Amino acid sequence: MDLARQGWATLTLCAICLIVFAIEGVSMVGDADPSLLDMGVNQFRHGTQIHLAGNIGILLFAGLRVEREIGFTNTLILVFACAVLGGVVQNALVGPNFVGISGPAYGLATFAVVQHARPEFRVWIGILLFVIAVAEVLTLGDRIAVWTHVISMFVGALAVFGNLFGSSEPTLKPMQMTHLSKVVAIINETDEDDALDAEETLLKRGMDGMFVLMQKQDVLGVTGYAVDEDTDGSAWLSWTYLTEARRGEGLGGQMMNDLLGRLNEMSVRKIFMATSDYAEDGVPIYADAFKLYEEFGADIELKVPDYHSPGETKIVYGLNNPEYPEEAPIQRDPPKGVRFTGAYLAPEAEGTMGIDWQEADDGVSGLAEATASAAKKKGHMAVLALPSDLSDLAQETLSAEGYANCGKLADFYQTGLHQVWWSRHLKQ
């Protein structure tokens, strides 16, 4: 992440507030007839330690998040707009004798909340903000500078809805429905099938977890994640593509770096990247993706030959979150058994059948029947993925039925509990 998005504007504002408080101490109200300079300094003065701590807390929570989105300069512009416009309205309606940086803090918090909200929730957030503003005016209008809050909330929301901070530098932003056609076109430059799949899936489930790399109004790339709900802290990388016209500029690395920062905030300990060795004219179309993953320290953990189609191998990279604290393996009770229950068409595959399973009270059962079901459905191959302890329990049965161990995704379910893959080609 470049220096302009490291949080220096936010940290500087907090530092000034602390320095002013250390020098001047408590300032309950400003001067009765302040100069313009005093009116500016008043925004860094605070009435109590709790007042100071509250505003700094909001600044840190919202400011660092906003600054990562819009950069150092734009963050200062937003803060300045909130401070000036909120101060002018408060002065006109009530008077100049108020202190505190809560106006800019409210503006930054509003920007952060609205910017990261899913589009369908933004109307409800707008209603909630309006209710908060009215409640403050009616109940606290004679005790705090509520108009600095109200105007700053309006400025923060306007900055999002008006896209006032379309960055001159490429910036990762939450994907919205208006970006979909451009995203599909970018994916289509590399993989037509992936473009169709992305369009269908995103229209069905929405844009949650997806981001676009934007420069001003142009969409340059797309990336995202999907947290695996069956695991403790694992996520999958979603569609990650960069427009061909901007490749070779380091923008793919910027997208990945910013995305990993977001995943770190969510306590995701490991991310997996699924891809394949599909080639056109002998050249793997995902070669740039392989290089990017490996530059970030990801390793190939799994290869499943013929998974996507005969001759096309499924490849999965794993990347540990370097910021996630190291933890000891979590122990769970030894499993007693596993039962294989049927077959289904595996995701993103032509003729590869996945084998369903569930934990059982005793022994290993149902594998021959599930495999026969996969063959009846005209599958050319059967695959299954098991927690490592269940895999150990069932390995003799799996080997006897002709399944081969393809490898594992380390620490997939939790630290110390891996996902082990098995495959078998089926006779037709």
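Is T201 buried, exposed or partly exposed? With a relative accessible area of 22%, T201 is partly exposed, where buried means under 20% relative accessible area, exposed over 50%, and partly exposed in between (1.4 Å probe, protein chains only). The structure is a predicted model, in which local features need pLDDT of at least 70 and side-chain atom pairs count only at pLDDT 80 or more, whereas totals for chains, interfaces and linings use all residues. Residues are numbered from 1 along each chain as its sequence is written, and side-chain values use heavy atoms, with hydrogens and water left out.

T201 belongs to helix α8 (residues 192-205); helices (H or I, at least four residues) and strands (E, at least two) are DSSP runs, numbered from the N terminus. When neighbours within four places in sequence are set aside, T201 is in contact (heavy atoms within 4.5 Å) with G206 and W239.

Six salt bridges were counted, a salt bridge being a side-chain nitrogen of Lys or Arg within 4 Å of a carboxyl oxygen of Asp or Glu. One of them joins E24 to R45, with the closest N and O atoms 2.5 Å apart. This pair links distant parts of the chain, 21 residues apart: E24 is in helix α1 (residues 8-24), and R45 is in the loop between α2 (36-42) and α3 (49-93). E24 is partly exposed at 39% relative accessibility, while R45 is buried at 14%.

A salt bridge is also formed by the side chains of K270 and E301 (2.7 Å, N to O). K270 lies in strand β6 (residues 270-276) and E301 in strand β9 (residues 299-309), so the pair ties together parts that are 31 residues apart in sequence. K270 is buried, with a relative accessibility of 2%, and E301 is partly exposed, with 22%.

R332 forms a salt bridge with D389, in which the closest N and O atoms are 2.6 Å apart. Here the partners are 57 residues apart, R332 in the loop between β10 (312-320) and β11 (337-345) and D389 in helix α12 (residues 388-400). R332 is partly exposed at 33% relative accessible area, whereas D389 is buried at 18%. Together with E359, R332 and D389 are linked in a network of salt bridges.

D281 lies in the loop between β7 (279-280) and β8 (283-284) and is exposed, with a relative accessible area of 82%.
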